[in-house]
Amino acid sequence: MTDSERDKQEAARRTLRLGHYVGFLAIAWTIIAGISLMWNLREQRGATLEAARIQARIAFEKDVLYRRWNAMHGGVYVPVTETTPPNPHLDVPERDIETPGGRALTKVNPAYMTRQVHELGAEQAGVQGHITSLNPIRLENAADPWETAALKAFENGAAEYASVEVVHGEDHMRLMRPLVTEKGCLKCHAAQGYAEGDIRGGISVSIPLARLQAVAGSNVLTLYFGHGGLWILGLAGLGAATRQIRRHIREHDRAEEVRERVLHDMGERVKELRCMYGVADSIRERSALEEVFQDVVALLPPGWQHPEIARGRIHFGGRDYVSEPFERTKWSQASDIIVDGERRGFVEVCYLEQRPDLDEGPFLREERTLINSIAHALSEAVERKHAEAAEAVRTAELEQQTVKLERSRRAAMSMMEDAEQARKVAEAVREELRLQGAALAAAANAIVITDRDGCIAWVNPAFTSLTGFASGEVVGQNPRALKSGRHDAVFYQELWRTILAGNVWHGEMVNRRKDGSLYTEEMTITPVRDTEGEITNFIAIKQDVSERKRAEKKLQEGTDMKIAALRRERRAAMELEAAMEQLEAATRDAEAASRSKSEFLANMSHEIRTPMTAILGFTENLLDSDQSDSDRLSAVHTVRRNGEHLLQIINDILDISKIEAGKLDVERIRCSPVQLVADVKSLMQVRADAKNLPFLTEYIGPVPETIESDPTRLKQILVNLIGNAIKFTEAGGVRLVTRFVEDAEDDQGGSPREPTVQFDVVDTGLGMTEEQVDHLFQAFTQADTTTTRKFGGTGLGLMISKRLAELLGGTITVESKPNEGSTFRLTITTGPLDGVKMLDDLATATIAQPDDTTAAKGDAAKLDCRILLAEDGADNQRLISFHLKKAGAKVAVVENGKLAVDAALATWYRRREDDPEHPFDVILMDMQMPVMDGYEATGLLRQKGYAGPIIALTAHAMAGDREKYISAGCDDYASKPIDRQKLIETIQTHTQTATVSASA
């Protein structure tokens, strides 16, 4: 394998590893976005519940203030009415009085007033309140189970009791706080045994959650869109970073190639220098010429361009020195060795095989210079060696004569000096011994001299001071009297093994003084040898280090504490730094998320509000009585056109949601690519004609008669690509080129892929830069993103198209140049082609064939049946009824599933032909209605034996919705907004089927 192939493999491995890393980061980013969304949804629900809880607290505090005001005035007189009769439980004087005018008044105490306010509030605002107690005066004030639990919690010290409960079928926030007996309350409750400050009961408040949840629903939608946009932007950033990294990798590879070439050239020069330095070192270090020649001939091959086939030879003095195996070839070069002006030999280098000739032949110019330099260096070395040999002979003769004279002189002097020297040595030895003895006796450290067996022979005064033993008490004794028992036998065995081997022992030992106290000493034991090398004595030098050990211990303890403190401070600093980094990262992420959310919502607001402005504006114009019929017709067309555009935006958003959730399925059915192209041409020709642009379809080579794909999604992709081409082309034209590719190879050059059909949409429009192309398939991204852009659109179409192409087994690629046009290439797999005919003559196939059902549609637009429409929206009731009645049907309308079940079963059980209330031929069932939804109503009808057709009406068009409606008992479904023609055809299909079944 060559270096180039290895480099390519390494580059492929780097690309694969980069792909793995990018995939991992994409998964991690998806998980982070999901966690953030779930956390925000939980916080939103908590905020909703807290808002309801605050409303309940406010209502409670209001009730308490009203009661306190009433109690301050000893009750309030109000007129006696049917809703406010005298309180039978209020036993006080002057409970009932009469005004001078004859009007009957009754006293209302705080509890009675609170109860009536609660009843009035429940009727008007839905907020319900109830005053209750475990010992109520009025039986109607008895506590329900939830209130009983709250009152018992108050007895245990709780200040508030709250939870979400279902009241009358709806979620409510129920909150209860205790009522404390005040001085004004004792008039009625003292008889029950309550004292001031006692908890006598409480007031429970119920707040409906429906309104708060409706407000929170808009925030939840914002969270979904915001996080979705943030997730898409994160993936886009990851893709951009990946492309940047790949560009850096390519630049790095090119730099590596340049570096390798430079290093190769430098390597050749280094080899030549190493060879020359090696020759110089051999000449300098070797004394014999034979050794020099043998070293140099071994250095020759490594210095040349191709050392593996290079061989060297030196011929000198009739002898050859060669590098094995040597062979004389015609590819050689040589240089003469000149000594004293005469040719005495030569240096030769040859190649065993021919190398590619360069500009100067098989040898480089530097190599010819190198061999000449080596030959010259050897010439100088030979001359220098000859001169050194002659000089060595002369020097040797002079040295021999000098040695003889020196020996005679030294013999004479030695005899005279021996006697005097002996006397001086003896005196010096005596003085040295005296000084040594005095030094040992005066030493501050304890000194002990023992014999070979360890018996003490001499101690100095410092020993007596240290141990408390006098000299006479220890001399002749063994030092074991000093043992403390702190060291085991192994310790002493190792000590004796060391000193008996003639080595110095140094260490610390704990010994015992004469008074029994312990001390730590640092000791060095040195063996003393006689003139024959035998050990005769041991000298031990001892120093008391007890105080030093204690100080060291304290110092170590302090040091350990300081180190521990420093480590804690360092750890705290590191944790603080990490926390700061995390805070900064979180701040950056939050700012980025906020920007992404703002951009996403601004784009969505613009794209939705633009058609909505036209719809609302022209609808208002329709209400103007001064509008002419032509203006009204134009306004209707404008409203319809913008409504369809708004529906397309919603469909695109739903497609994006389904794609990102992995819930978008494509079907695989047999379809004709030629017929599909003809349908697309017929559809898009209108747009091209509106701009006076030629729109052509072409085929290159034969194409299959049928392929296995999803014709609806394939047509959606082609319509989007061709629509963009027409939109961005002002002059020239648009072409759709179709070809069949049978032997396609995958992107890695591996085994062939499945055959594909390739569609090229070619235009001569504005074109794009490379930077614009890089961002083309991102959501809400267009080539022109400025606020003054000429062309509208959400930027979702191309992203959806590419993802759909990938689901169909292919992809979309782009080639574009500014001001020259663009080519969008769509490829999809064909599926199995066994037995499929290939079409060669496509001249007539490119013309869209008339739809055989077109003529029938006019006839199919008439209905003769009785329809039950279950729909809760008044506007939808009028619109759908209008279309059905115009088609000839009789329509009965109900507003919920319960009424639909009653009406359908009432006619189903009376199936007599002469009965005008004969069964409905079809039921159109909206799936989301109050009282009883469409799912429950359909299931109940099927359970009761109703067998008539039921068609679901729904605004949902997600993947799997059809199966859900069918499993609920429906026969078919129609999505909103309603397609009038399609709805009528669906009804006609099921009424005809029902008629045939009944006839059979």
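Guide: We'll go from the whole chain to sheets, helices and single residues.

Visitor: What should I know before I start?
Guide: This is a predicted model, where local features need pLDDT of at least 70, side-chain atom pairs count only at pLDDT 80 or more, and totals for chains, interfaces and linings use all residues. Residues are numbered from 1 along each chain as its sequence is written, and side-chain values use heavy atoms, with hydrogens and water left out.

Visitor: How many helices and strands does the chain have?
Guide: There are 22 helices and 30 strands. Both are DSSP runs numbered from the N terminus: helices are H or I with at least four residues, strands are E with at least two.

Visitor: What share of the residues is buried?
Guide: Of 1000 residues, 34% count as buried. Buried means under 20% relative accessible area, exposed means over 50%, and partly exposed is in between (1.4 Å probe, protein chains only).

Visitor: Sheets next. What is the order of the four-stranded open sheet?
Guide: The order is β4-β7-β6-β5, with antiparallel pairing. Two strands pair if DSSP finds at least two bridges between them.

Visitor: Which strands are at its edges?
Guide: β4 (128–132) and β5 (161–167), each pairing on one side only. Neighbouring strands in this sheet are turned by 25 degrees against each other on average, direction ignored. Axes are lines fitted to C-alpha atoms, for helices over the stretch in contact, and angles run from 0 to 180 degrees between N-to-C directions.

Visitor: Which helix packs on that sheet?
Guide: Helix α3 (residues 145–155) does, touching β4, β5, β6 and β7. Its direction makes about 35 degrees with that of β6. Contact means heavy atoms within 4.5 Å.

Visitor: How many bridges join β6 to β7?
Guide: Nine. β6 covers residues 170–180, β7 covers 199–208, and they run antiparallel. Arg174 stands opposite Ser206 in β7.

Visitor: What about Gly197, where does it lie?
Guide: Gly197 is in the loop between α4 (186–189) and β7. It has 45% relative accessibility, so Gly197 counts as partly exposed. Not counting residues up to four places away in sequence, Gly197 touches Val180 and Thr181. The C-alpha atoms of Gly197 and Leu179 are separated by 9.3 Å.

Visitor: Now the hairpin. Which strands form it?
Guide: β10 and β11 do, with two residues between them. Asp340 in the turn has a positive phi of about 55 degrees. β10 (residues 332–339) and β11 (residues 342–351) pair in the antiparallel sense over eight bridges. Ser332 stands opposite Cys350 in β11.

Visitor: What is the order of the five-stranded open sheet?
Guide: β13-β12-β16-β15-β14, again with antiparallel pairing. The edge strands are β13 (456–459) and β14 (505–512). Neighbouring strands there are turned by 30 degrees against each other on average, direction ignored.

Visitor: Which strands does α10 lie across?
Guide: Helix α10 (residues 489–500) lies across β14, β15 (518–529) and β16 (535–544). α10 runs at about 140 degrees to β14.

Visitor: On to helix pairs. How do α19 and α20 pack?
Guide: Helix α19 (residues 897–908) and helix α20 (residues 934–943) pack at about 25 degrees, with axes 9 Å apart. So α19 is roughly parallel to α20; that label covers angles under 35 degrees, while over 145 is roughly antiparallel, 65 to 115 roughly perpendicular and the rest oblique.

Visitor: Which residues make the contact?
Guide: Gly897, Val901, Ala904 and Leu905 of α19, with Ala937, Leu940 and Leu941 of α20.

Visitor: Is Ser801 buried or exposed?
Guide: Ser801 is buried, with a relative accessible area of 3%. Ser801 sits in helix α16 (residues 797–807). Leaving aside neighbours within four places in sequence, Ser801 is in contact with Ile717, Asn720 and Ile812.

Visitor: And how does α14 pack with α16?
Guide: Helix α14 (residues 711–727) and α16 pack at about 145 degrees, with axes 10 Å apart. Residues of α14 that meet α16 include Arg713, Gln716 and Leu721.
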